Amino acid sequence: MDAKASTVGPSQTATAQSEPKGKDFLNHLEVYLAKRDGVDKLLKISRYATKIILASSVLPETVPLTRQLKSFESSVGLSRKAFRLGKFVQDVNALRNSHLDSKEEILLSVIAYGGEGLYYFVEQFIWLAKSGLIDAKHSRNLQKISAWAELIGYIGSISLKLRDLKRIKEDEACLNSSIEIAISRGVGRREEEERRKKLREKKLMKQLSVVQDIADGLMALADIRDGKGRFTDPLLLSCAGLLSALLSTHKNWVSC
């Protein structure tokens, strides 16, 4: 073995030992999977990837694998509903803890958090109906209420996020002006550059969140219309579901 390669100095050892565990993939994965949303979104990815295969007619209906995939998709869909037990509480707390500056923001927040909270609340009873604990005859009406609440929640959420994006762009424009002034005067601008970098990252995450809400809203609209009309093609909706799942997984992974 090369002597240079086999020699590790004290400073290198100290650096290796001082690296935060948070950067380790397995530690990060453990934290991610410990969260309810982490497991739920992985199930969502597997479900909509399966739906894409089924909707694209890649496999003939007569193949046993097709029946297995349909059974798997249905089972995963039911499993995901169990992860929504009590999840409406987070919307109640989000609304309580919101710092709102105007009547418009109050209204949009009530629509966003109220709609999503009602959706999660009703989903608990849909899960109980599908699990056989309560009469399945109520399932259809519950699903309609759930879909409407979900769609209304997304309308409010998208509106709030578009307002946030407007503020972020205004802050970015002010920061760009400050940096240009600093350049013209020949003074340091490291702190402003760092702030602009974080602001752009925040803007990107907010934009991706809007895309995710639009994709989920499209699926909620299809549920309301019972899969009839425009933008209700099974393959399109399956792709929208997978896109939403991937964006949400990325957001949750970054936040761990």
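The predicted model has an average pLDDT of 87 over the protein, and 91% of the residues score at least 70; pLDDT is the predictor's confidence in each residue, from 0 to 100. Because this is a prediction, local features need pLDDT of at least 70 and side-chain atom pairs count only at pLDDT 80 or more, while totals for chains, interfaces and linings use all residues. Residues are numbered from 1 along each chain as its sequence is written, and side-chain values use heavy atoms, with hydrogens and water left out.

**Exercise 1. Find where pLDDT stays under 50, and state how many contacts beyond four places in sequence the model has there.**

Step 1. The stretch is residues 1-22.
Step 2. A contact means heavy atoms within 4.5 Å. For residues 1-22 the model has 5 such contacts beyond four places in sequence.

**Exercise 2. Compare the reach of helix α7 with its expected span.**

Step 1. Helices (H or I, at least four residues) and strands (E, at least two) are DSSP runs, numbered from the N terminus. Helix α7 covers residues 103-130, 28 residues in all.
Step 2. The expected span is 1.5 Å times one less than the number of residues. For α7 the expected value is 40 Å, and the helix reaches 40 Å from its first C-alpha to its last.
Step 3. Just after α7, Gly-132 takes a positive phi of about 95°.

**Exercise 3. Describe the position of Val-110 in helix α7.**

Step 1. Val-110 has a relative accessible area of 42%, so this residue is partly exposed; buried means under 20%, exposed over 50%, and partly exposed in between (1.4 Å probe, protein chains only).
Step 2. Apart from neighbours within four places in sequence, Val-110 contacts Leu-95 and Gly-115.
Step 3. Ile-53 is 57 residues from Val-110 along the chain, and their C-alpha atoms are separated by 38 Å.

**Exercise 4. Classify the ring pair Phe-25 and Trp-253, then the pair Phe-121 and Phe-125.**

Step 1. Rings of Phe, Tyr and Trp (its six-membered ring) pair if their centres lie within 6.5 Å; planes under 30 degrees apart count as stacked, over 60 as edge-to-face and the rest as tilted. The structure holds 5 aromatic pairs.
Step 2. Phe-25 and Trp-253 are tilted, because their centres are 5.7 Å apart and their planes are at 40°. Phe-25 is in helix α3 (residues 25-33) and Trp-253 in helix α10, so the pair ties together parts 228 residues apart in sequence.
Step 3. Phe-25 is exposed at 51%, and Trp-253 is partly exposed at 26%.
Step 4. Phe-121 and Phe-125 are edge-to-face, 5.4 Å centre to centre with 65° between the planes. These two residues are 4 apart in helix α7, which means about one helical turn.
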